[in-house]
Amino acid sequence: KIVELLSPARDFTSLAAAVNSGADSIYVGVKGYNMRANAANFTVDELGEVVKRCHDSDVKLYVCTNTVMTDSQIDDLKRLMPRLHSQEVDAVIVSDLGACKVASENDVDVHMSVQANLSNVEALKVLESLGVKRAILSRELSLAEIKKIAQKTSLEIETFIHGAMCMAVSGRCFLSSYLYNKSANCGECLQPCRKEWRILSNDGNELILGPEGSPGDLRTENLDQQKTHIFSPRDLCTVEHVPKLVEAGIDAFKIEGRARPADYVATVTSVYREAIDSYLSGSWEIHKKDKLQRWLSELQKVFNRGFDTGFYFRTPHRTSSYNKSTHIKKDVGEVVNYYKKVSAAEVRLWNDLEVGDEVMIQGPTTGSVIQKVKSMQINGENIEKAFKGQNVGIAVKGKVRPHDAVYKRVRKVKKVQ
């Protein structure tokens, strides 16, 4: 079974990172119509170029129009949809039945969003009668439940396989709206769930959790020490379970992260691309332990809140502090020139760089090239270390371009408690 790997993109740099890292399809937001209003989004005028870049690489493009919609917003969508059709967008992701109708009337394929909380076969039968092509199933379903649904529908089945998880059922949350008048259901969530909380009831009872959300008593005189991340689940990570997900009949594996930068997109996409290919080629069991360790190590380098398997195998119960990535990225320079014949880049440094450092070179066309520095030269002579203010030649594994940003991955220093 061929599985589609679907990656997010918030800008042209992330788009190139997804394409170059092996995504089969990419989903993007359009300003004013999607669930990431606070993240960078593409304008309608930019979509033609986005479609061209995707289709030139045989990659599909899906556009998110999945907010809760009023009549005035539906009227706006009626003006937008013909443009999406003329630009040859491959599908729109919607959660509103009115939006579904508008898309169908304009001959644009419809993928029904996870916001619709699709959890049963009967719901999918209704969607099929409306012309929907794909159902993005509720995050709250187990893998066994997903497998049963996949066996009983002709719709394509898509599920999330990596990234942030919401504390609310299929993202239907009112906490941000209540506290800040910013509706999560209209793409404006400010994520108050990620803060530390101390839970008190009207009768004076207090809910206190132990470390990592386990039951326990943390009562102290210091109220700050009684706060927990009770509302903040760990991130979804299923790379160890790719074979089970494929065998369950899932058609598209979706990576969450339209608010994430290009290096996140490149790292997560490339890891899952390799994992999927490893299974489909029949080589999953060859050096399996080493591969899984390497994949998890790579995923831990970029932003994460710790990992969980979501609802696939049980109810998630572990909570997390804000960011548990093992590395941070440090801005070290900018590409000045690229020399194709020798596959090398001249980089102007504003921080030191050494052979053996892991760097990320990022730009709107380049995407995110991630590699170790294997050799460096200044004036034709090999060096082991270059310093702030110098221009240095670096061997690169892919084409980069002038003005691309250069970052160095640096392992976090653990704080002494």
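This is a predicted model: local features need pLDDT of at least 70, side-chain atom pairs count only at pLDDT 80 or more; totals for chains, interfaces and linings use all residues.
Q: OK, helix α9: is it buried or exposed?
A: Of its 19 residues, 14 are buried, so α9 is largely enclosed by the rest of the structure. Buried here means under 20% relative accessible area, exposed over 50%, and partly exposed in between (1.4 Å probe, protein chains only). Helices are DSSP runs of H or I with at least four residues, strands are E runs of at least two, and both are numbered from the N terminus.

Q: What span should it have, and what does the model give?
A: α9 covers residues 262-280 and should span 27 Å at 1.5 Å a residue; its end C-alpha atoms are 26 Å apart, which agrees. The expected span is 1.5 Å times one less than the number of residues.

Q: What follows α9?
A: G282 does, with a positive phi near 85 degrees.

Q: Where's E256, and is it buried or exposed?
A: E256 is in the loop between β11 (252-255) and α9, and at 8% relative accessibility E256 counts as buried. A polar atom of its side chain lies 2.9 Å from the backbone nitrogen of A164.

Q: Switching to K388: where is that one, and is it buried or exposed?
A: K388 is in the loop between β20 (385-386) and β21 (391-395), and counts as exposed at 61% relative accessibility.

Q: Which residues does K388 touch?
A: Leaving out residues up to four places away in sequence, K388 touches L349, W350, N351 and D352; contact means heavy atoms within 4.5 Å. The C-alpha atoms of K388 and N351 are separated by 4.5 Å, though these residues are 37 apart along the chain.

Q: Now the second largest pocket: which elements line it?
A: α9, α10 (288-301) and β17 (367-372) each supply at least two lining residues. A pocket is an open set of points on a 1 Å grid over the protein atoms alone, where a 1.4 Å probe fits, with protein on both sides within 12 Å along at least five of seven lines; lining residues have an atom within 4 Å of a point.

Q: And which residues lie nearest its centre?
A: S270, E298, I370, Q371 and K397, out of 23 lining residues.

How values were computed: Residues are numbered from 1 along each chain as its sequence is written. Side-chain values use heavy atoms; hydrogens and water are left out. A polar contact is a pair of N or O atoms within 3.5 Å; within protein, one must be able to donate a hydrogen and the other to accept it, and residues adjacent in sequence count only if both atoms are side-chain atoms.
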